[in-house]
Amino acid sequence: LLARPLSVWRYRELLPVTIPPVTLQEGGTPLYHLKRIGESLGLPNLYAKHEGMNPTGSFKDRGMTLGVSMALQLNMKMVACASTGNTSASLAAYAARAGIPAVVLLPAGKVALGKVAQALMHGARVISVAGNFDRTLEMVHDLCISHGIYLLNSVNPYRLEGQKTIGYEVIDQLGDVPDRLVLPVGNAGNISAVHKGLTEWQSLGWIDSLPMMTGIQAEGSAPVVRAIKGDLPEVVPDVNPETVATAIRIGAPVNAEKALRAIRQTGGLAESVTDEEILSMQRSLAQMEGIGVEPASAASVAGIKKLVEMGAIDPDERIVCVVTGHLLKDPETVIKQCSPPTEIDATLPALLSALQL
Ligand code: F0G
């Protein structure tokens, strides 16, 4: 196993696909030590697993290599999903790789530009629905059942099988189980997937303990956080979820039950962060560490900042934050936060004057 390169398919014996997979070489993403941000928070052992470095720029590729391979294995002729953006970009690319048509449903006006661009360019049929993500998921579910189309949202268990490899890679890169694993939570598939994978390693006797699974949501869209904090048996959906982190703008997470179990069984935490805290951490990651992520991804690190400031975590913990998608996914939110480039005439004096040198 150790001789194989880091990737989703390094762990193929623990994955359900038996045909040659549809792959774009997903996984094997970097694990970065967050030296400066860690120092500023008093956390010497803070890391980020940059899932934005996958082929289409998000962790969804780990699930799609499995999901679209299973679609072929099961002889399905068409694939579909509803998406806040990244799932649609990934599905479009993997369907193109597999040579089968894809349909994607997006909540109108609430999907970041880069993600729509990807879905369109990879040739999916892109439908913009006048409703939020939760409604588009209901619609695509009905479509798939009535028309024999293969549904590739995180209700599809095979997709989660691929995503569980994030946890495996973290342990292989760190050389040990981290104390805490932190993920942004939207539909709650990823945190459930990683927990499932690590539980399997524990039953194989490969690891002794599990990390404390910690879920971070945006304040305007935080049903899982409310359920954990209120010790509720199940989540109460948000009817009108709202956040700048459109990737996790989800009011009724379909995998909520599994996520609650993951957090509770591992003694983890759930916390929400404001849009301001999310964007501030997006800038810190970019400017203090050179790591470019989209807003939803910055939520995991912003959550840790908040938790350490609240005194809720031990500063000596080894903490890995999963940053889930690339900065370029949402260029509009980036541009809005930065001053525009300085425009000058094409002369050296103008350049020196602009730089105040
Ligand atoms: N981060 C990013 C960048 C995402 O795109 C998503 C989910 C999440 C975090 C949350 O993961 O849903 O498994 O809890 N995006 C989905 C999509 C919903 O359609 O692309 P989750």
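Residues are numbered from 1 along each chain as its sequence is written. Because the model is predicted, local features need pLDDT of at least 70 and side-chain atom pairs count only at pLDDT 80 or more, whereas totals for chains, interfaces and linings use all residues.

The ligand is surrounded by 22 residues, of which S83, G186, N187, T324 and G325 are the closest; a residue is near a molecule if its C-beta atom, placed from the backbone, lies within 6 Å of it. Domain 1 (8–57 + 159–336) and domain 2 (60–156) each contribute at least three residues to this shell, the domain bounds coming from an automatic or database domain assignment. At least two shell residues are supplied by each of α3 (86–98), α8 (189–203) and α12 (295–309), helices being DSSP runs (H or I, at least four residues) and strands likewise (E, at least two), numbered from the N terminus. In composition, the shell comprises six nonpolar, 14 polar and two charged residues, with Asp, Glu, Lys and Arg counted as charged, Ala, Val, Leu, Ile, Met, Phe, Trp, Tyr, Cys and Pro as nonpolar, and the others, Gly among them, as polar.

Strand β2 (residues 46–50) is largely enclosed by the rest of the structure, because five of its five residues are buried (20 or more other C-beta atoms within 10 Å of the residue's own, with C-beta atoms placed from the backbone). L46, A48 and H50 point one way from β2, while Y47 and K49 point the other way. Strand β2 pairs (at least two DSSP bridges) with β1 (residues 31–33) in the antiparallel sense over three bridges, and Y32 stands opposite A48. Five bridges join β2 in parallel to β10 (residues 319–323), where V323 is the bridge partner of H50.

Conventions. Buried ≥ 20, exposed ≤ 12 C-beta atoms within 10 Å, placed from the backbone.
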